[in-house]
Amino acid sequence: MKLTVKPLKQKDAGRRLAAIDRVAAEELELSGGDYIKIEGGSTAIARVWPGYPEDDDSGVIRIDGQLRQEAGVGIDDRVTVEAADVEPAERITIALPQQFGIRGNVGSIIRDKLSGQPVTQGQTIRFPLGLGLMGGGSQAVPLKIASTEPSGTVVITDSTEVDISEKPAEQIADTAAGGGAESPDVTYEDIGGLDSELEQVREMIELPMRHPELFKRLGIEPPKGVLLHGPPGTGKTLIAKAVANEIDAHFQTLSGPEIMSKYYGESEEQLREVFEEAAENAPAIVFMDELDSIAPKREEAGGDVERRVVAQLLSLMDGLEERGEVVVIGATNRVDAIDPALRRGGRFDREIEVGVPDRDGRKEILQVHTRNMPLADDIDIDEYAETTHGFVGADLESLAKEAGMNALRRIRPQIDLEDDEIDAEVLESIQVTGGDMKEALKG
Ligand code: ADP
């Protein structure tokens, strides 16, 4: 059966789940926990997750960025879905990242955590060990499946033997079956509370970049520049990175203040180089942070350097081919301070406002940043979404990280800090409690 790909809800990401429209699932005789094969440009194996009620009879399959990458598809693409037979794994060997810093019975902890998950040799799994502690927040330890017995895609069960490879994860090759590519750094599931903004981004940037021929046929000019504006820490950079990742575009970032602090003549030179590099690596996204500092209204800045840099930027953008292969995303929290010449047609002529999140937005953002944390039962995310009025994404991320740090401090007496390695069992015993969150809120 053919289904249309949509993003997964933030809280369900990272676990190889596919939320399938319940009507379609019934037709396919699939129920929660079954394994399926998703075929797009390539193939991914996932586990069925009960569909969201709003998707009933819509022909939708929701999968996260990792699975989209493995299946070689983007949002709104059609995929073929069928039940898959997945053999139980007798044995798997897992490679840990270099400088893992954890000892003890990591294998059995991994088995317990990953039980039921389909895995393939060469695949990278982001594994929330302990607090997802080593990276904090939404990050997790990237582990690699070095080998499996039998081969192919297998499912980890309670009786799977889990060995730890002598070689670190960095030395194990990716395989095509495992997706071939690195797992993406930022996906749409890492962004909370910006659904309608992301919808606009998809329409303005992703669609033209993925299907330039479509726009050509229709005689529509794809945008060269999109301006994201809103307060700091609301997710503008995150959006730019996620789009680049979703469409596998080269990503280049440029900071306004940094460009301006270059010596005489070097600012323009650097701008030119960035655009050249982007063109060479197209499709590409150039992200210009704090655009207002590069391109303030001319009367406001008046400086010679500003004028030259703006002129250079204008000519570079005008010089971009109309095939939509390079798109410039500008970000600013002072949209009115930007030179109007830059906001005219053919330049930054589309705008998306990225505002301060509301209660539901805050909840989704908190879900992103606590996804890999072992939360104690006394934590109710709704409660924190309610009481964090005025917090932006960056604040909520700090809150979650700080709560994690508080939990760490509590177990510190059990850890020998002289020791390079932390005991995996101790790490696994940590939970982030309501107390840790409340303490973090006070700070
Ligand atoms: P901006 O570019 O708007 O100043 P960023 O995208 O750099 O903000 O956000 C900084 C950090 O805050 C991000 O790396 C992320 O961890 C967190 N963050 C901000 N907005 C969001 C969001 N909407 N959802 C999830 N995390 C967010």
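Axes are lines fitted to C-alpha atoms, for helices over the stretch in contact, with angles running from 0 to 180 degrees between N-to-C directions. Helices (H or I, at least four residues) and strands (E, at least two) are DSSP runs numbered from the N terminus.

The model is predicted; local features need pLDDT of at least 70, side-chain atom pairs count only at pLDDT 80 or more, and totals for chains, interfaces and linings use all residues. Residues are numbered from 1 along each chain as its sequence is written.

Two strands pair if DSSP finds at least two bridges between them. Strand β15 (residues 225-229) pairs with β19 in the parallel sense over five bridges, and leucine 228 has isoleucine 352 in β19 as its bridge partner. The loop between α8 and β17 holds proline 283, and the peptide bond joining alanine 282 and proline 283 is cis, with omega about 0°.

Helix α4 also packs against α6; the two axes come within 11 Å and cross at roughly 50°. The two helices α4 and α6 are therefore oblique to each other, where angles under 35 degrees count as roughly parallel, over 145 as roughly antiparallel, 65 to 115 as roughly perpendicular and the rest as oblique. The crossing of α4 and α6 is right-handed, a crossing being left-handed if the near helix is turned anticlockwise from the far one by less than a right angle, and right-handed if clockwise. On the α4 side the contact is made by Leu198, Val201, Ile205 and Glu206, and on the α6 side by Ile239, Val243 and Glu246. These residues divide into five nonpolar, no polar and two charged. In this classification Ala, Val, Leu, Ile, Met, Phe, Trp, Tyr, Cys and Pro count as nonpolar, Asp, Glu, Lys and Arg as charged, and the others, Gly among them, as polar.

The ligand is surrounded by 17 residues, the closest being Gly235, Lys236, Thr237, Gly393 and Ala394; a residue is near a molecule or strand if its C-beta atom, placed from the backbone, lies within 6 Å of it. At least two residues of this shell are supplied by each of α6 (236-246), α12 (359-370) and α14 (393-411). By class, the shell has eight nonpolar, seven polar and two charged residues.

Helix α14 also meets helix α16 (residues 434-442), the axes coming within 8 Å and crossing at roughly 125°. The pair α14 and α16 is therefore oblique, and the crossing is right-handed. Leu399, Glu402, Ala403, Asn406 and Ala407 in α14 meet Asp436, Met437, Glu439, Ala440 and Leu441 in α16. The contact of α14 with α16 has six nonpolar, one polar and three charged residues.

A further open sheet has three strands in the order β7-β13-β10, with mixed pairing. Its edge strands are β7 (87-88) and β10 (118-119), each with a single partner strand, so one side of each is left without a neighbour in the sheet. Two bridges join β7 to strand β13 (residues 154-155) in the parallel sense, and proline 88 has valine 155 in β13 as its bridge partner. In the loop between β12 (141-149) and β13 lies proline 150; the peptide bond from glutamate 149 to proline 150 is cis, with omega near -10°.

Strand β4 (residues 43-50) pairs in the parallel sense with strand β2 (residues 17-20) over four bridges, with alanine 18 opposite valine 48. Strand β3 (residues 35-39) runs antiparallel to β4 and is joined to β4 by five bridges; β3 and β4 form a hairpin with three residues between them.

Technical notes:
Contact = placed C-beta atoms within 7 Å.
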